[in-house]
Protein chains: 2
Amino acid sequence: MKKVKIGVIGLGQRGYGVLTSNLLKMDDLDIVGVCDLYDDRVERAVKAVADVKGYTPFGTGSYEEIFAIEGLDAVYVATCWETHVSISIDAMRKGIPVACEVGGAYSLEECYALVQAYEETKTPFAFMENCCFNNSELMATAAVRAGALGHIVHCSGAYGHDLRQEVSHGNLWRHYRLNNYRDRNCENYPTHELGPIAKILNINRGNKFVSLVSIASKAVGLAEYIEDKKLYEQDDTLKDTHFKQGDIVNTIITCEGGETILLTLDTTLPRSYSRAFTVRGTKGMYEMDTNSFFFDGMAEDFDTCAYYKRCIDNGKEYEERFMPDLWRSMTEEQKASGHGGMDYFIYREFIDCIKEGRTFPIDVYDAAAWMCITCLSEKSIESNGAPQAIPDFTKGAYKTRKPLDVINLNKENL
Amino acid sequence: MKKVKIGVIGLGQRGYGVLTSNLLKMDDLDIVGVCDLYDDRVERAVKAVADVKGYTPFGTGSYEEIFAIEGLDAVYVATCWETHVSISIDAMRKGIPVACEVGGAYSLEECYALVQAYEETKTPFAFMENCCFNNSELMATAAVRAGALGHIVHCSGAYGHDLRQEVSHGNLWRHYRLNNYRDRNCENYPTHELGPIAKILNINRGNKFVSLVSIASKAVGLAEYIEDKKLYEQDDTLKDTHFKQGDIVNTIITCEGGETILLTLDTTLPRSYSRAFTVRGTKGMYEMDTNSFFFDGMAEDFDTCAYYKRCIDNGKEYEERFMPDLWRSMTEEQKASGHGGMDYFIYREFIDCIKEGRTFPIDVYDAAAWMCITCLSEKSIESNGAPQAIPDFTKGAYKTRKPLDVINLNKENL
């Protein structure tokens, strides 16, 4: 079988990382072009491909030149948040299958345009939410599908990641987060926690988001960090920078089925990393932070710390029952391919979908529904938390679309 | 010194428990009257007092008869939620100092009336939020006062307590929660987590609550529990009972200082107990569930479960620095007096305030501000999460009132 010819657009931290840790390790694809606005990033990527593959890919600052490559099978877009959608739309309009990295939308119009481009062209579109492929989230999903947690009522999750260094070095490191934290105040990065939750709740497939409210705390974490580290000595624009982005943003989504979802953006105060992924049902709960299940009837404890000491990591005991085979059989090399292994699965699945003509399990309707949380949260925050309606991008088709998991959950064993 | 003469009004689970575990163990007070609408509860309490004290207190079904007891120094009110405020108002209007158990308000009018009764009579009023006296919350408060967590930005907390048995047995056990879960949908019990947070954020003392949004999940936990246990065989009214109270209610409060507070009511799904009390600042965080501090610069971990395994209960290492002397020196008998010891401190403090003519550190303005969250959350939920303004019951006095901790935090050591 011929190799899949891929162009990589966007060669910053994520694009270069995926190129070198994932794409270059796959034998059944060729990197035919690499693109970035910065020449040095293009040169570094060209060299990385040449070192591994033994040929020199086309390097350019223009993504349209990537689209024009003869025999191109697909592009992977890992640019700044601001251009994910427009480049993906342009790719689809040219008939080029596209894998789009995650982020949040800047407007509802952008989300509608993305869906429209897909519907008019039927060009394959994949939304690369890697956390949907992670072991903890999939184990919980399998438990849900098995009915072990009962009727699902509420889910929560967070993007808890101290990004003060990355954001404040945005000019020095050429990272787009700086401008976003300066100019916007919103749930700017919802999909890592929301994606797996939306899959569990069958959003766009029998269920839908109805509305949200969003509230931001004050913004003081970045300013204090910059002051403490005297970072304006390295980047004098930081001296006058006022950050709009609240340190903690909480967003509550209501679903048509009556389920609620709590999302927390938590990126500019000191903390250890957490996605705080939690699923609550009438028969039990799963908490990713402590990798713990609580099933109805298990011993309770008024001393919560004693409870967690006893139950932390009890998820291990349920792996045989709920952990998908794909995770149970993964190799050390696969685990090393990024974020503990989940990156391996999602990029592998994208390539396999291209080769086999299958639809990627996270589609354009998922992308639109998950990304629109960002611009709607911005509106809610601006209006002191006023509820915002969330569009149904499927135009009613969600009522009959069938639930779809991102991988085989070995349901025959559940 | 003469003994303090106390009347106890409300002899259900809480009233009888506090009577026997706390009040009857204090040598410097006499229980001169006990009151409940149910005769058997009165008889049980009269007997409990007689057994310990050797005299028979006045027993009645009328709280007004308690108020009429000659030489009465104070009353403790632990009735159903519906009557805490009106009985407290009546007591103050009679000039009888009152300790009022916690709960949520049914209307803003009720909160205004409580404040007005106090302002017009200046009768001592104490709001008995015991969690304000708990070790974890006080240790975190001391850390905040010491500046160890930096500028405080966000706090969260929950009432995570599986009450399905108690609520569903409401008719059998004569518990008021049943009617509340049937007829209301709100943050019905906010103060256990909100009290300590409000103290940390100096609410009514330099800061104030400004507004809230509240969203409830569907209500399915109780109905499924009743069905599973066939409880309608014991109480046939349960057969037709529809519960309005959502299983999970999330409420976000915004403060004038820009801080946000997330409250979660979580009482009708399986879980172990948790107040999820968490304080976030620019220099660190404290989480009560895991009794853990994270200070800026501590090692982070992308494997959250590994992080928690390493850091769980590290709060112990900070007790010498931050735990108040009162907790470090407590006796086994004090610890046995209810809820791990916090009940000892709060009832002791109430009696001491009566004896010494001091103002109780949780006052009528705290009570009104904390309890009004309930009726405002009800309105917000009814209107799909529309923001609700939170009154300033101090009428502007919060701007000059000084911060006040509930006990001595040994600030000289901090």
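A residue counts as buried when its relative accessible area is under 20%, as exposed when over 50%, and as partly exposed in between, using a 1.4 Å probe and protein chains only. Y273(A) is buried by that rule, with a relative accessible area of 8%. Welcome to a predicted model, in which local features need pLDDT of at least 70 and side-chain atom pairs count only at pLDDT 80 or more, while totals for chains, interfaces and linings use all residues. Residues are numbered from 1 along each chain as its sequence is written, chains are lettered from A and ligands numbered from 1 in the order in which they are written, and side-chain values use heavy atoms, with hydrogens and water left out.

**How the two chains are arranged**

**Aromatic rings**

- Over all chains, the whole structure holds 44 aromatic pairs; rings of Phe, Tyr and Trp (its six-membered ring) pair if their centres lie within 6.5 Å, and planes under 30 degrees apart count as stacked, over 60 as edge-to-face and the rest as tilted.
- One of them is the tilted pair of Y273(A) and F302(B), at 4.7 Å centre to centre with 35 degrees between the planes.
- This pair crosses between chains: Y273(A) is in the loop between β10 (260-266) and β11 (278-281) of chain A, and F302(B) is in the loop between β13 (292-295) and α12 (304-311) of chain B. Helices (H or I, at least four residues) and strands (E, at least two) are DSSP runs, numbered from the N terminus.
- While Y273(A) is buried, F302(B) is exposed, with a relative accessible area of 55%.
- F294(A) and Y307(A) make an edge-to-face pair, because their ring centres are 6.1 Å apart and their planes are at 65 degrees.
- F294(A) belongs to strand β13 (residues 292-295) of chain A and Y307(A) to helix α12 (residues 304-311) of chain A, so the pair ties together parts that are 13 residues apart in sequence.
- F294(A) is buried at 2% relative accessibility, and Y307(A) is buried at 5%.
- Ring pairs also join W81(A), Y159(A), Y176(A), Y189(A), Y273(A) and F302(B) into a cluster.

**Charges over rings**

- The charged end of R177(A) sits over the ring of Y189(A), 4.9 Å from its centre; this requires NZ of Lys or CZ of Arg within 6 Å of the ring centre and within 35 degrees of the ring normal.
- In chain B, R184(B) lies over the face of Y106(B), at 3.7 Å from the ring centre.

**Cysteines**

- There are zero disulfides over all chains, a disulfide being a pair of cysteine sulfur atoms within 2.5 Å.
- The closest cysteine sulfur to that of C186(A) is in C375(A), 8.8 Å away and too far for a bond.
- C186(A) is buried, with a relative accessible area of 0%.

**A look at T141(A)**

- T141(A) is in helix α6 (residues 135-145) of chain A and is buried, with a relative accessible area of 5%.
- A polar atom of the T141(A) side chain lies 2.6 Å from the backbone oxygen of E137(A).
- Leaving aside neighbours within four places in sequence, T141(A) is in contact (heavy atoms within 4.5 Å) with I200(A), D405(A) and L409(A).

Technical notes
Polar contact = N/O pair within 3.5 Å; in protein donor to acceptor, adjacent residues only side chain to side chain.
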